[in-house]
Amino acid sequence: MNSTQSNPKPKLALYWAASCGGCEIAVLDIQDKILDVAAFFDLVFWPVAMDAKIKDVEAMDDQAIDLCLFNGAIRTSENEHMAQLLRRKAKILVAFGSCAYEGCIPALSNTTTRQATLDWIYRDSPSTVNPENVRPQTGTDTPLGKLELPEFWETVRALDQVVEVDYYVPGCPPQAHQIWAVLETVMDIMKNGKPLPPPGLVLGAGDKTCCDECLRPREEKKIKKFVRPHEIIPDPNRCLLDQGILCCGPATRSGCGALCPAVGLPCRGCYGPPPNVHDQGTKMISALASVIDSEDPEEIDKILDGIVDPVGTFYRFSMAKATLGRVQFNGKTSM
């Protein structure tokens with residue numbers, strides 16, 4: 001009789017905060033391996049796939065959950081409550097996917113204010129019809145009782161800007177084979193009593209850059225003009241950045257297998273910065289500064305004008321942790 005037969009199953013929880021839900025689908029992309037996960041773990045909380053309530057988690061003893069995969073950024077009071085709750089209940093808390101790791105797309109709203117965001121959604125966008133300027137309230141009395149909505153925070157934060165995180169799994173979403181590698185490793189550790197790796201590690205990713213995984217031949221880069229992917233048919237046998245397509249491979253951690261460049265799409269940077277790089281956006285700006293082929297200020301400005309939406313390009317996945325962000329959060333304070 002092995003340990004899993006003589007002892008209760010380890011408990012697994014998954015949660016979805018401010019994100020698109022792609023990380024939840026990515027878990028199912030491990031296909032029939034999900035049956036191995038279900039056989040090994042006792043799934044105690046996974047709102048997207050099973051009927052469980054927050055009060056069920058609140059009723060658990062602290063550290064009753066062995067592993068929690070938390071995807072999504074911290075955008076609302078509910079997101080923050082769940083982050084603190086699951087931190088308390090889980091022995092191992094993993095920031096799963098780019099939103100939990102670095103804020104990802106939701107954190108692009110950190111370039112503006114909560115008021116401006118709500119004005120656009122409820123008043124100014126072309127598709128909005130709201131003549132009474134109705135806005136979401138945190139509490140509304142109805143004949144059936146008071147309805148409550150989470151409060152919308154001013155700033156989107158990554159998970160570790162709210163609570164302590166043990167490990168990180170990057171990607172938007174993480175690739176299925178890496179999700180399975182992480183889960184398989186965790187199951188092996190738990191089954192055989194092996195020591196956990198040091199906390200703070202990035203799991204399911206490489207230690208180099210996306211460029212190191214890319215099979216496209218590279219030349220000495222001399223960029224005279226940036227083009228968007230739909231403006232040219234890229235040469236399949238040349239580095240995309242050599243062709244003027246803004247590819248974030250030099251500033252992105254390896255691990256995905258350079259899937260996007262392999263099919264002619266530039267790396268968008270979803271695996272986050274390479275090791276020993278704090279700010280992915282400034283790393284990319286630095287990389288481009290060394291390859292623009294001009295010393296004439298006017299021509300340099302013209303070349304740079306070809307970069308559409310620089311902030312959204314360089315910080316698409318990492319705005320919550322950007323050095324240039326409005327605030328760097330080191331504490332656990334509310335917003």
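A nonpolar core is a set of buried Ala, Val, Leu, Ile, Met, Phe, Trp, Tyr and Cys residues joined through side-chain atoms within 4.5 Å, where buried stands for under 20% relative accessible area with a 1.4 Å probe, protein chains only. Let us see how that applies here.

This is a predicted model, in which local features need pLDDT of at least 70, side-chain atom pairs count only at pLDDT 80 or more, and totals for chains, interfaces and linings use all residues. Residues are numbered from 1 along each chain as its sequence is written, and side-chain values use heavy atoms, with hydrogens and water left out.

The largest nonpolar core has 37 residues. Phe-226, Leu-241, Leu-246, Met-284, Leu-288, Ile-307 and Phe-314 have the most contacts inside this core. Which residues does Leu-288 touch, leaving aside its neighbours within four places in sequence? Leu-288 is in contact (heavy atoms within 4.5 Å) with Phe-226, Leu-241, Leu-246, Ile-307 and Phe-314. Another core, of 26 residues, lies apart from the largest one and includes Ala-13, Val-57, Ile-74 and Ala-95.

Now to the chain as a whole:

| Property | Value |
|---|---|
| Buried share of the 335 residues | 45% |
| C-alpha span along the principal axes | about 70 × 60 × 35 Å |
| Share of contacts with a separation of 6 or more that join residues 24 or more positions apart | 74% |

Finally, the charges: the chain carries 34 positive and 43 negative side chains, counting Lys and Arg as positive and Asp and Glu as negative, without His and the chain ends. The centres of the two sets lie 2 Å apart, with each charge placed at NZ of Lys, CZ of Arg, CG of Asp or CD of Glu.

Methods
Buried < 20%, exposed > 50% of the residue type's maximum accessible area, 1.4 Å probe, protein only.
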